[in-house]
Amino acid sequence: MGVSAPDIITYIGVPLAVLGVLPIIYNTIATLATLAKVRRALRHGRLAGITRGDVVNHVIEVELPRYTIAPLHREEQSTEYWDLCKHPSHIPGGTWTIFNWKSHTIGLKTQRIDYADQLRQPQAEIGFEELISFLLDLGAVPDPAGFRMLRGSGLWVPTGTRLLLSPDGHEPVLTVAPLDDSDGNLSLAVRWSSNWGMRDPASLPPYWVLIKGSTSSGSVTSRKSTEKGTSEPQEKGGETEELVPSKTSKYTPVIEEPVIDIRCQVGISGLISAIADDTEPSLFEAYNVNHLLVDDTLSNTAGIWFASAITAFGTTSQTILWNYKIPTKVLSFSKKDTIPCGILVLLDVIPESSTPEWATQYDDQEEAREAQFRRMREATRQMQKESSMTPEQRAKSVRERQIKSHEDFVDTMNANRRRDAQRAETRMIEALQSPKWDHGLVAEHMLAWLKKEGHVEELHGLKRAVEVLLWRMVNDAKLATELGKMLDSWKAFVDNGGVRKADYLALKENLLMFAYGSLLLALIKDSVTAANGSLAMDLQECIRIWKRVRLG
């Protein structure tokens, strides 16, 4: 019996048809299963994405939004700022969702995948400086080796290079990520564990400096004058009146107002704002710092000197990252030896014995002794002659001798006055040509003078004295302006060849501002920017090169 056509179709065609449909069925099932996994992952990560599946070609299209993010406000959104996100995304590329951010959609990214593990969340765009500042504020620690490699290698830095470490310094926080979704930008990944702990809202954020005033509201000088004024007699109408307390008067203790510490925010151009350091800063208005703000024309030099000094003060307080860069002219000026030691002697700041020998020494006592002996010998010879004269001649000779003695005395006085004036001029020239001291040594002696005059508390060192001075500059616009003018004139005469007599007279008229200025310059000199290769320089250079990065 032969095989008929229906049999061939039944036993061969039908199985072949079934085999041809199986891939479609498999693709449909696999696509639906993968699509379900993708949607589950998006739902778990709270991502608003659009998914489409091609059951024939086993291709899934996913459209996810790309965000630009920024840290939350530190005070107004404090709870979210210091807390981790409760529903972070575990999809590769979404490491940034571990924190709470301000976010804004900047577009959609479409990706085609075959399997669920190929799903990638678009990296978020963020300012590199904002990211570093935020993580440092939370308590992360920079890795000097990582930033050195990033600065030297750029985008060729190996994936996984650690830039920031956990507060204990063992675990990576910010690392270099693959460049798959970076579009030529620096690609980074971030992680954080709740076991590491964080800093608290009371801690000082990056770019902020805390300055503390003196322990009392008034200066040492004002307190001394007040105490002196209550005990010394006063003159009124040519008569002296004793200040005698009344028998019925009661003792009233002097109540000193508490001094509120100040937090200063320093930006690229200088001081930005100043607020009270308090647990409830919203209760205090921001300080008026218009006299310390630096504009584009750089006309407010007091603001430049303040920003340089507070940057130096903050840098010596182990501050890691700084926006403001002390101007090169200020740094070079602070490193120069500008003040001759003889000028400090003429200003009665230090004794001449504390300086190297610079002035001509005169032996006036020997000359005076010889002149006195010479006059005595002449007087003795004249008296011997007078003994043999008649009374009329003797009286006449005595009168002539007394007149000559008086004339000699006047001539001697005039000669001494001319000699002293000449010597004073010579001493001034020698003082201007005496060895120059650096600002550190000048500040050391000026600080001792300030303490002796009662302008600085006895226990304050250089750094503490500068801190109080910065605090006063924020609160006293007149002081800040005068100090800025003094430093400007100081720098001007140094640039013009050194101290001249007119400059010495100007310093003498405003010795207090000169002393304050020497303290600021000494602190700036001590905190000169470290050599290339230091962490601070590497950080600043990396932030300058990469303004915005991709985080994921």
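Modeller: Start with Arg464. Arg464 touches Lys212, Gly213 and Ser214, leaving aside residues up to four places away in sequence.

Biologist: What makes that a touch?

Modeller: Contact means heavy atoms within 4.5 Å. Arg464 has such contacts with Lys212, Gly213 and Ser214. The C-alpha atoms of Arg464 and Gly213 are separated by 9.2 Å, and the two residues are 251 residues apart along the chain.

Biologist: What kind of model is this, and how are residues numbered?

Modeller: This is a predicted model, where local features need pLDDT of at least 70 and side-chain atom pairs count only at pLDDT 80 or more, while totals for chains, interfaces and linings use all residues. Residues are numbered from 1 along each chain as its sequence is written, and side-chain values use heavy atoms, with hydrogens and water left out.

Biologist: Why is Arg464 called partly exposed?

Modeller: Buried means under 20% relative accessible area, exposed over 50%, and partly exposed in between (1.4 Å probe, protein chains only). Arg464 is at 24%, so Arg464 counts as partly exposed.

Biologist: Why is Met428 called buried?

Modeller: Met428 has a relative accessible area of 9%, so Met428 is buried. Met428 sits in helix α10 (residues 391–432). Beyond residues up to four places away in sequence, Met428 touches Leu346, Lys501 and Tyr504.

Biologist: How are helices and strands assigned?

Modeller: They are DSSP runs, numbered from the N terminus: helices are H or I, at least four residues, and strands are E, at least two. The protein chain has 16 helices and 16 strands.

Biologist: What makes α6 oblique to α12?

Modeller: The axes of helix α6 (residues 301–315) and helix α12 (residues 462–475) come within 11 Å and cross at roughly 140°. That angle makes α6 oblique to α12. Angles under 35 degrees count as roughly parallel, over 145 as roughly antiparallel, 65 to 115 as roughly perpendicular and the rest as oblique. Axes are lines fitted to C-alpha atoms, for helices over the stretch in contact, and angles run from 0 to 180 degrees between N-to-C directions.

Biologist: Which residues of α6 and α12 meet?

Modeller: Phe306, Ala309, Ile310 and Phe313 in α6 meet Lys463, Glu467, Leu470, Met473 and Val474 in α12. By class, this contact has seven nonpolar, no polar and two charged residues.

Biologist: How do you know which class a residue belongs to?

Modeller: Ala, Val, Leu, Ile, Met, Phe, Trp, Tyr, Cys and Pro count as nonpolar, Asp, Glu, Lys and Arg as charged, and the others, Gly among them, as polar.

Biologist: Why is α12 called roughly perpendicular to α13?

Modeller: The axes of α12 and helix α13 (residues 477–495) come within 5 Å and cross at roughly 115°. That makes α12 roughly perpendicular to α13. Leu469, Arg472, Met473 and Asn475 in α12 meet Ala477, Leu479, Ala480 and Leu483 in α13. This contact has six nonpolar, one polar and one charged residues.

Biologist: How much of the protein chain counts as buried?

Modeller: Of its 552 residues, 39% count as buried.
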